[in-house]
Amino acid sequence: MRAKATDMHSKDCVKVAIRVRPFNKRERDAGSCCIISMVSTSISIQDPRDSQSRRSFCFDYAYWSHSGFTRDHGGLYVPEEPGGRYADQDRVFQDLGEGILDNALQGYNATLLAYGQTGSGKSYSMMGYGPNKGLVPKLCDRLFQAIRDNQENIQCQVFFSMLEIYNEQVVDLLSRGSRAPGGLRVREEQQRGFYVEGLRTIPCESAPQVEQLMEQGTRTRTTAATHMNANSSRSHMLIILQLKQILSKESITKQSNIYLVDLAGSERQRSSGSEADRLKEGTAINLSLTTLGNVISALADMAVGKKVVHIPYRDSVLTKLLQSALGGNSRTVMIATLSPADICYEESLSTLRYAERAKRIQNRAVVNESPTERLIKELKAENARLLQRLNRMGPEGRRAGDESKELRQLLTHNELQIRAIQTLWEQHLQEALKDWEQQYANITQERRMMQMHPYILNINEDAQLSGVVKLFIQEGEWDIGLCDSSPRSICIRGLGIQERHAVFRNERRRVTLTPQTGSKVIINGNAVSQTTELQHLDRLILGSNSTYLFIGYPSERGGDDWSRYDYDYFQSELAAAEGISLGESSAGQCHADPSLLAVFYDYIQLMPMVAEANQMSQELGKGVEFKLEIKNLALSDSKGHDLQKDTVVRVTSTGSRQVWMWSKAKFVNRKFLMEEVYQRYLAKQSQDNREEGVTAVTLPRDKDPFWDPVEPLLLGTAHLWLQSLAFRIPLEEQLEVLGSEGTEEAILQAQLVPCTSTGLPLGEDEILIDPSEALGRRMDFQLVLDQCCGVRWIREARNRGLQIGFRVFDCSQPLYTPAVWHNVNPLLDHRVHFASLHTSQCLLDYLQSSAVVLELWGLQEGCTNLRASLEVMRMTAEGVFIIDDSHPPEAAPVDSELGCSVRALQQDLNELKSVNASLRKENHSLREQLHSAKNGAEGGRVRLARHSSDAEFARALKVFYHSMTSVRGQLQRLRRHRPSEESDLLGLRLFVDEQSLLLRDFSEQLEHSVSTLKQDVAAIVRRKRERSGTWS
Ligand SMILES: Nc1ncnc2c1ncn2[C@@H]1O[C@H](COP(=O)(O)OP(=O)(O)O)[C@@H](O)[C@H]1O
Ligand SMILES: [Mg+2]
């Protein structure tokens, strides 16, 4: 081997490139801003929530593929003007691909990694889409061209392998047999390092051959994704190209391995803050990616001189296979892809940080010599020596001697060995060629069929896997389903696909689809059960989530491009049929509120996952059902107008009727664990060769993703508005408890009673006209929860119970009523006394603008009741809860002069206020005495009916507040009013009519309340005038 001395010791840093892609449809819909800017190779990212915060990074290459491009007639994306800043696939290849190729031709190992969040453009850069070929196909093109150019001097052998790491299992994407359970083994050998045992390595002679193998690999990924219900964004795809060069003149051989890696999506499922899942995040979700991060960190630390004891290569399959690419014998390039949209800020920043660390890694690459070729050289040398010895022996010696016989034997043996080594390649190549021809014939056949027949095309969440499977619908009648036995059948697999799922009929160039009873078929968003004629570009969803696009006869096709019907399109259409959609303007853009958009995309992301979870639950016999719900956060907001929404998943056990509510993060985590269980089940099932009697999968509870301990469930809330308390007016209400989707869960009778410190209700004389009179004074009131009526939760299953939870002002904890069980109209009879010892402005503001949110909690068998820990609450000896206690006057700071004078002023103010109040009171009673003296006659009663205008005014207000409560109720009902799930155009019209009725009711009630108040006030003023007329 003739590696140069400098090569042996030179260090190569990992080269890092960044690429930003154009906005996708979601981002355009959301009116996203671009937060990435590039100048030469430096790149800055702007925090969208903080204009001051901007981070800059510098890399080896930076590619602006966000704007400044057009699509030429061939579908290629090219710069708008020659020399524009847009970096197309060619530019990226010139920088990165050529380098890799050069390295490989020189005999170095080379690695190219694509890193980034799902949908950021990893596969676009690596593999490419349609005419916009990515690095890998371009590299192969150039590689074979280089081989052809040097054919006289160098004999080359190229081997191709393609594999996927999913959930720490290695799957050979080119294997023709069934996949090995548990995947292929990764082994280690002193010489070779880590390698995949039994991985197919296919000799290749041309770029089209390689491309076809890639197509084959992608097809395997696609079928695995649909059959095994595996998510491709969580898998790593590796292509390994082995290049052997035999330079006969120099009598050296070089061997290099090129690793091309499309990594799993880098996004982490952020758990939704407060609650962590009982089951740990599926440990293998991204063990490989996490370990890759750890390896990179350790190597980056090492590069800056930190002491690193251990580099965790062995912790994951991916890092084992990439060991030489990272910190070893390889020249490595990483392309990190970004979305430049503001909504992706966190992910993009984390990608940039990751890339920055990778940049520091140092490798020591050497030119490799192939051991087999060395053997040939050695054998040849030995043969030469043997021949020399034989020649020296002379003819006689050669004929007779034992030694000569032995030498001869050795010679033939060696020659056989040399031939074996050399013919192996030829033989392999012949086999591969046969294979290739077969495949090529298949592809040509498929192309021909596409021009003759209608077909359905698979659409996958991962655009890279869309359009890979084409199923043709020829003339006649065809069953579609699992059935592979019938000759007239189209075989598909996937969650919820029946043996005979539906029937296609193709007669007189018209294609219809008839679902079989019990099977799920959705066409263009609507469930169908009847025979339906299909039109070109109709969207089909079969079973839980097998999505296909129907392509009609060539005459119907026109020049349209089907790429607009992507996975999002299918799911949005389905959501729209459920009444959940974003209005679109004619320009195809909508300007929905961003938080609403986020919920919408959450919804359409979760919708198919929920369908799949349901199917898995059914197949595994888990007896739970999942349902997606949109939770209105206004329900738990004390001001009642925060319209933020969130998606949650309701889980119901079909047997026990127990119910759980899962956050999005928890559901996504659980769904992954369910997939793992399901895949194990499928593997086992195929192992047992479909023995009869599929039994339910039993798992220990601590590992069962379908199970959780039972907990109380928040069913709904009611708002009890506090305004009247500020005026010391008692309030009695029948409140509607509304669930998160606006359903009436119960009616709750509640009261607010202003009272004395001992709990006696205050009389009407205590009503305040001006709430600020209460400032600084003690205020007592009671919250009374009398009864709950018509509780839906208990009506549905009698073995349930309920509690009401509530939190008033600054209480550190919610309080709960005792649990009541088995009764649809349970008596609560619960009374809680609250007091503010020194009423603050803050409390008064709260009373006038807020409501107590009364939470209806559903209890179910086996769950523990909700309880407030009273130790942390401030209470008087009589059991009165103290609120508004955060800044009692005695706790005011005394250290500063300013503090002292403020306190003094405050005291003065309070004193003045109380003087004022007592003066008013005196004035009041004086006036009353005067009045009663004038009217004389009613004298005998101890308590005079108050005819003062103040009291009348207060009563008018009371009436007004009462009516406002129902107006508010009406408003909330309006806000939650939605068209029903099956609404068609007629349904929508009905909905609009209903909505206008509700609106009319609402405005009438509002008008009525206001006009009553106006009339009352006018009457009071009139009477006051009249009375003052009497006095004068
Ligand atoms: N540089 C780019 N130019 C144009 N479109 C791109 C670019 N990068 C990505 N896309 C598009 O974005 C979508 C997602 O890209 P993809 O490469 O599949 O993402 P990933 O592999 O990272 O999940 C695809 O539809 C792809 O065509
Ligand atoms: Mg991809």
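**Entry 1: a sheet**

I began with an open sheet of five strands, ordered S24-S23-S25-S26-S29, with mixed pairing. Its edge strands are S24 (489-491) and S29 (532-533), each of which pairs on one side only. Strands, like helices, are DSSP runs numbered from the N terminus (helices are H or I with at least four residues, strands E with at least two). Two strands pair if DSSP finds at least two bridges between them. I then looked up S23 (residues 476-481), which runs parallel to S24 and is joined to S24 by three bridges.

**A note on the model**

This is a predicted model, in which local features need pLDDT of at least 70 and side-chain atom pairs count only at pLDDT 80 or more, while totals for chains, interfaces and linings use all residues. Residues are numbered from 1 along each chain as its sequence is written, chains are lettered from A and ligands numbered from 1 in the order in which they are written, and side-chain values use heavy atoms, with hydrogens and water left out.

**Entry 2: the annotated stretch**

Which residues does the UniProt "binding site" annotation cover? The unreviewed entry lists Gly116, Gln117, Thr118, Gly119, Ser120, Gly121, Lys122 and Ser123. I keep in mind that such annotations may be inferred rather than shown by experiment.

I found Gly116 in strand S9 (residues 110-116). Gly116 is buried, at a relative accessible area of 0%. Buried means under 20% relative accessible area, exposed over 50%, and partly exposed in between (1.4 Å probe, protein chains only). The residues that Gly116 touches include Lys122, Ala264 and Thr351, leaving out those up to four places away in sequence. Contact here means heavy atoms within 4.5 Å.

Ser120 sits in the loop between S9 and helix H4 (122-126). Ser120 is buried too, with a relative accessible area of 1%. Beyond its neighbours within four places in sequence, Ser120 contacts Arg21, Thr337, Leu338 and Ser339.

**Entry 3: the cores**

How many residues does the largest nonpolar core have? I noted 56, and Leu748 and Phe834 are among those with the most contacts inside this core. Another core lies apart from it, with 50 residues, including Tyr115 and Tyr354. A nonpolar core is a set of buried Ala, Val, Leu, Ile, Met, Phe, Trp, Tyr and Cys residues joined through side-chain atoms within 4.5 Å.

**Entry 4: Val659**

Last, I looked up Val659, placed in strand S34 (residues 659-663). Val659 is buried, with a relative accessible area of 3%.
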